[in-house]
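Biologist: Could you take me through this model step by step?

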Amino acid sequence: MLEKTFDPAAAEPRLYKAWEASGAFSPSGADKTFSMVIPPPNVTGSLHIGHALNNTLQDVLARFHRMKGEAVLWLPGTDHAGIATQMVVERQLAAAGNISRRDLGREDFVARVWEWKAQSGGTIVRQLRRLGSSCDWSRERFTLDEGLSVAVRKVFVQLYKEGLIYRDKRLVNWDPHFQTAISDLEVEQREVDGHYWHFAYPLTDGSGEIVIATTRPETMLGDTAVAVHPDDERYKHLIGKTVTLPIMGREIPIIADDYADPEKGSGAVKITPAHDFNDFQVGKRHNLPVINIMDAFGKINEEGGPYAGSDRFASRKQIVERAENEGWLRSIEKTRHVVPHGDRSGVVVEPWLTDQWYVDAATLAQPAIKAVEDGRTVFEPRNWEKTYFEWLRNIEPWCISRQLWWGHRIPAWWDEDGNVYVEETQSAAVAASGGKALTQDEDVLDTWFSSALWPFSTMGWPEETEDLKRFYPSHTLVTGFDIIFFWVARMMMMGLHFMDDVPFRRVFINALVRDATGAKMSKSKGNVMDPLELVDRYGADALRFTLTAMSGQGRDIKLQEQRIEGYRNFGTKLWNAARFSQMNHCTRVDGFDPGAARETINRWIRGEAVRAAAEVTRALDACAFDDAANTLYRFIWNVYCDWYLELAKPVFNGDDEAAKAETRAMTAWTLDLILKLLHPVSPFITEELWEKLAETGPTRKGLLISEAWPDLPAGWTDPAADAEIGWLIALVTEVRSVRAEMNIPPAAKLPLTLSNAGDDTRARLTRHRNLILTLARLESATEGEAPAGSAPFVIGEATGALPIAGYIDLAAERARLSKEVANLTAEIARTSGKLANPDFVARAPEEVVEENREKLAEAEAAKSRLEAALKRIEAVS
RNA sequence: GGGCGGCUAGCUCAGCUGGUUAGAGCACCUCGUUUACACCGAGGGGGUCGGGGGUUCGAAUCCCUCGCCGCCCA
């Protein structure tokens, strides 16, 4: 006998081990494959609710397709996550005695990171297992694995030789905290309160001054021009003159350029080509000198005159003070403006002129755009394709070099004269140089560079492996919209370039779990929720079911703990249904054919099962995860438990042995079906019940995880049974409703009479009398005229009546009937209004018109019956 | 400034290829310990579907417009 509730804590680890040991996680069997690569979580990470959602959905798909008999590969792994990981270890060093990575040196530092990875890197993978993820762990990869590193070097070298990777000196987003370049995508534009400081620059010829406005006063140290709009009447006469830059004393020109916005600030703008993307362009157009005034730490360098060596923000303050003291500060204006911040460091990013490695993304983007236009890769929901196109069609060169130590070191070697040799190995580079002494480029690659290769590098590329042949392209990628640019688009570019095919046929974009303020959750912000606590409290199935049910396409999820509790209760409900079936000896019967069932309730539940199975299958095929979950919930709770098992009880307690045997077999069969259909979403409780229910009856062939997905004949639905049970449910519900509203004690058993019953109704009443008596708590149910002093209700063409003389509460009964009559009156008004409209009758489809006629007739009949009863009551009172 | 999404019951959401009395879960109210389950059962209250206009016989659903809220990109 089953316990009263499922104990997830005890069962989950045991079941997971059994699955893994069974080999079910590795692809096997069929020619038809289904493959997915996991979005590799950061190796530093621990499972947050976003991972839980993403991996639950992947696992639902993996288990579903596995049960459908496909060879499923769900390839797991982790990402070395350059900045994030380096940050964690640097923080650790700082805590352990204020050592910086530079104190330690590159080699020792990298060794420390590996050490850390060995110790703590397995956390997230263990957590994925707790969730039930059925990944093929035998194929687990890490982006810094030797094999993946080979792939990275090969890709880099090939792209370089094709001219698609190149070195360039231009402004980059420089993160002064990590002292590295970052890509545009890693920059977060934050709107902040700031100021426009209006400075007066004196004309060199002494004829006056020009006032410029700036939000970053310290950059004036690097000014090489002042720009005004060519049509700006205020300044036209000054174009071509020069000003003397305060503090620096440098003579710089006043130039005309459209970039100067007459509406903004004073209309005249200082130009600092080395420290502003727009100014850089202006500088190019006018051949202005580019003066770099900052170092890698964001401190003013020797080009900054008196401020050399001081921090950028300290300098800002001092320069403003000096301007005020010296009288060239004209005014201060408050403003809100957008300031770039590093998404990891959170510090203000500086545009900085450096040499970096770039990928020619615009070229690689073209096939990636085409592949989605052609439908070779489809986004689900389709709408995200717009986002994808928007970005790829306006793509900028991708800066891939990072001045970090943790990552793939760039396979480029330099000779003493500054010539570069890009090869996969040092020896090849030396050979290419003609035997010179070379030193390797110090930089590492952007983490996303190796992630971009993930769909094929994990399958063994550049080797021509069996896995690549069988599983590339993958079938579906499940990921969040926040990394469509970072990851999805770049995988498309690299996959098409190196594999000559898309990396995945379908991209399912899952919702993003946000925090209470609507902000994206991230480790660096520290606003993550802990799914493992929820698993501890409610079990993995409850969390999984919740996330699946809430995963409406492309929306945000605001998780309420109450919801998880509710779905835990759902599991308990199922558990107790199994317990009930066990108590009533509903043992599975070998060779039982539901198609041959004779009892109406069994033919009915069979049809319900067919519909539920079809809907769950459709939903999972379409990634409509919430539909699948809701269908399961309703079928299991509201159909199977609320009605089928209740209808089965009188059979079990009756003496029709044939009916009893058939119903027991059907109960067990349906329960098995439920376990299969629910397994992808709630694998633990279903596997546990699968095992427990095998204690009696025929032996199981194996674990539920490897069971075949149900494929039921559509012909198993039975409209006659549906109509009959539908009537039965309506009758029972009506009786219960009357009883409750009339405050009839639950223990009181009443006789029911049905008048004006047609042949079908009479037959049903006879056939199901037993059920009706039990479920509606009646003494008898017979055909006949309503006795005096009874409460009427409408059931189809018939009128039911419960004699309530002993309990009658006239006021309650009048209220009940009045409400019913009012509802019917409203409906009659609505429907007859429609039918009175000649346009409606003429233009609406015939079946809609007919439907309304029937509805009207039924409502009128029902109303007149109830009104008569109401009049009788009013006559009495 | 451009793009995307949202605004439906107290809360979280579904419904949006036009025709149902607009649904679910939670919360709330009443009753109930009937031998699967109180992590339960039965019954009930609660919404002019953000505002306005339009198309249509008919609009939560299609179109326009306005208003908030959120996100992404400049």
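Modeller: Before we start, contact here means heavy atoms within 4.5 Å. This is a predicted model, in which local features need pLDDT of at least 70 and side-chain atom pairs count only at pLDDT 80 or more, while totals for chains, interfaces and linings use all residues. Residues are numbered from 1 along each chain as its sequence is written, and side-chain values use heavy atoms, with hydrogens and water left out.

Biologist: OK, what is Leu-392 in contact with, leaving aside its neighbours within four places in sequence?

Modeller: With those neighbours set aside, Leu-392 is in contact with Ala-365, Ala-368, Ile-369, Ala-489 and Met-493.

Biologist: Switching topic, where does Ser-345 lie?

Modeller: Ser-345 sits in the loop between strand S13 (329-342) and strand S14 (350-359), where strands (E, at least two residues) are DSSP runs numbered from the N terminus.

Biologist: Is Ser-345 buried or exposed?

Modeller: Ser-345 has a relative accessible area of 19%, and buried means under 20%, exposed over 50% and partly exposed in between, with a 1.4 Å probe and protein chains only, so Ser-345 counts as buried.

Biologist: And which residues is Ser-345 in contact with, beyond its neighbours within four places in sequence?

Modeller: Ser-345 is in contact with Asp-175, His-177 and Phe-178 once those neighbours are left aside. Its side chain also makes a polar contact with the side chain of Asp-175, at 2.5 Å; a polar contact is a pair of N or O atoms within 3.5 Å, and within protein one must be able to donate a hydrogen and the other to accept it, while residues adjacent in sequence count only if both atoms are side-chain atoms.

Biologist: What does the side chain of Ser-345 reach at 3.2 Å?

Modeller: At that distance the side chain of Ser-345 reaches the backbone nitrogen of Val-347.

How values were computed:
Chains are lettered from A and ligands numbered from 1 in the order in which they are written. Helices (H or I, at least four residues) and strands (E, at least two) are DSSP runs, numbered from the N terminus.
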